[in-house]
Each structure stands twice: as C-alpha cells, then as structure tokens.
Amino acid sequence: MYHFFVTPVQIMDGYAVITGQDVNHIRNVLRMKAGEQVGIRDGISRNYVCELETIGSEEIRARILSEETDSSELPARLYLFQGLPKSDKMELIIQKAVELGVYQIIPVATRRAVVKLDKKKEESKVKRWNAIAESAAKQSGRMLVPEVTGVMTLKEAYTYAGAFDVNLIPYELAEGMAETRQVLAAIRPGMQVGIFIGPEGGFDVEEVEQAIAAGIHPITLGRRILRTETAGMTTLSILMFQLES
C-alpha cells in the first residue's frame, strides 16, 4: 500500500484531501484509480487507511475506512547534528537517518567541513534535503516527516541542544567502551537525545573540548575509525534497537 502525508486540517468529515505534488504522483506516475486504497498520515500521530474516491487535477479526496493506532515512531526524540559532508553524502545520511527513526536533522558547519554554503545554495539544499526526508518517511512507514533545518554553526548547535536530556559526540579519541555502554543504557523513552557527528576529518580537539564543556558526552563506537556517513547511522541503529518497544 502506498502512503502519503497530509496536514491535520486536510482530514475532515470522514475524508482526507490530498493536494500538491502527490496529486500528480498518484494520477500520472502511479496511475491509481478510484476504489484503490492508500495509507494517509497526518504528520503528527494518526494513520488512516483510505479509499480513493475522486481524483481531480488539483486535489484527490479519499474516504477514510479505518484509523490505525500502532505508531511507527520511536518513544524518544533523536536529533542528528551532522557536520556538512562532501558531495551528495548528506542525501544518503538523511535517507538512512529517517529510516532509523531520527526526529530532526540539523546540518552543522564545522571547522573541518570542506563544504561552504552561501544563503542561496543553502536554501536550495535544505529544500532538496527535506524532499528526501519526506520520500524516506513514506517508504519506511513513518508517522511524521522529520525536518531538516537550516545550517547551524557548531556554537548554535550546542546551544540548541542545551535543553536536551542527553547529548552524545562519537569521537575517535574517546576511550572506555564500558562507560559508553553505561551512557547509552541510561537513554529511556520520553527523552530528547542529541547526536553530534563531525564531517570528513572529524571534529578538531577544541570543538570536542567545547562539547564536553557544554555537557555533551564523548563516546566511542569501537576501535575502528568510521566515516561520517557511517558514524551517525551506527549511533542511531544502537539507539533504535535499544528504544524499540
């Protein structure tokens, strides 16, 4: 069954009203017909099984058949602070992070980041990244579409994460697997958790020292040095497995 997102105001009187790019996708790409069933999510907490009733050029009306109560969301909110990587690695990171249950992705400009985005390029990139997040959310059966925010400086990111319950920074020079296990084991449902990942080349020493001063826990992911596109996925995978009910 194909799944689509709407806003809560598009659910009314027993119907879901689909608008925007999904109309063209349903009509001209999937070539779906009246009577076929789709999954509709309101981007917050509700999931509906619907039957397509009228397929217009601007909107599609789907009659709600049932409401599903099982949530595909993790019971904790995981925030990925990703140092800007080179080429199109960010797209892969976003796709996989959404599949693994991330709540929000925050691109971060760090000292060793090769990529530098001006305002115009950033707006274009963020729009593209959010489209990838939406596509991944549909594919993986998410109840909501994780937001990809605008690019933050590392200082802004540390401040943004200041109110979270736990913040982690995987660091290749961190030691003590037992301590890392202890920190991760303390993460529970209902928490907000920040995960800071450096770009290619990682964080420099001063950036890590600033993180520790801000109360962020340095952790180790093992004896091997992981690429930027691997480190975040590894941390998210560990937490997903631990938190999944």
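1. Lys89, Ile93, Lys96 and Ala97 of H2 touch Thr228, Glu229, Met233 and Leu236 of H7 (contact: heavy atoms within 4.5 Å; helices are DSSP runs of H or I, at least four residues, and strands runs of E, at least two, numbered from the N terminus). This is a predicted model, in which local features need pLDDT of at least 70 and side-chain atom pairs pLDDT 80 or more, while totals for chains, interfaces and linings use all residues. Residues are numbered from 1 along each chain as its sequence is written, and side-chain values use heavy atoms, without hydrogens and water.

2. The axes of H2 (residues 89–99) and H7 (residues 228–243) come within 10 Å and cross at roughly 10 degrees (axes are lines fitted to C-alpha atoms over the stretch in contact; angles run from 0 to 180 degrees between N-to-C directions). H2 is therefore roughly parallel to H7 (angles under 35 degrees).

3. H2 also packs on H3 (residues 119–140), at about 35 degrees and with the axes 8 Å apart. Residues of H2 in this contact include Met90, Ile94 and Val98, and those of H3 include Trp129, Ile132 and Ala133.

4. H3 also gives the most to the lining of the largest pocket, with seven residues (on a 1 Å grid over the protein atoms alone, a pocket is an open set of points where a 1.4 Å probe fits, with protein on both sides within 12 Å along at least five of seven lines; lining residues have an atom within 4 Å of a point). Of the 23 lining residues, Gln21, Asp22, Glu134, Ser135 and Lys138 are the closest to the centre of this pocket.

Methods: Angles under 35 degrees count as roughly parallel, over 145 as roughly antiparallel, 65 to 115 as roughly perpendicular and the rest as oblique.
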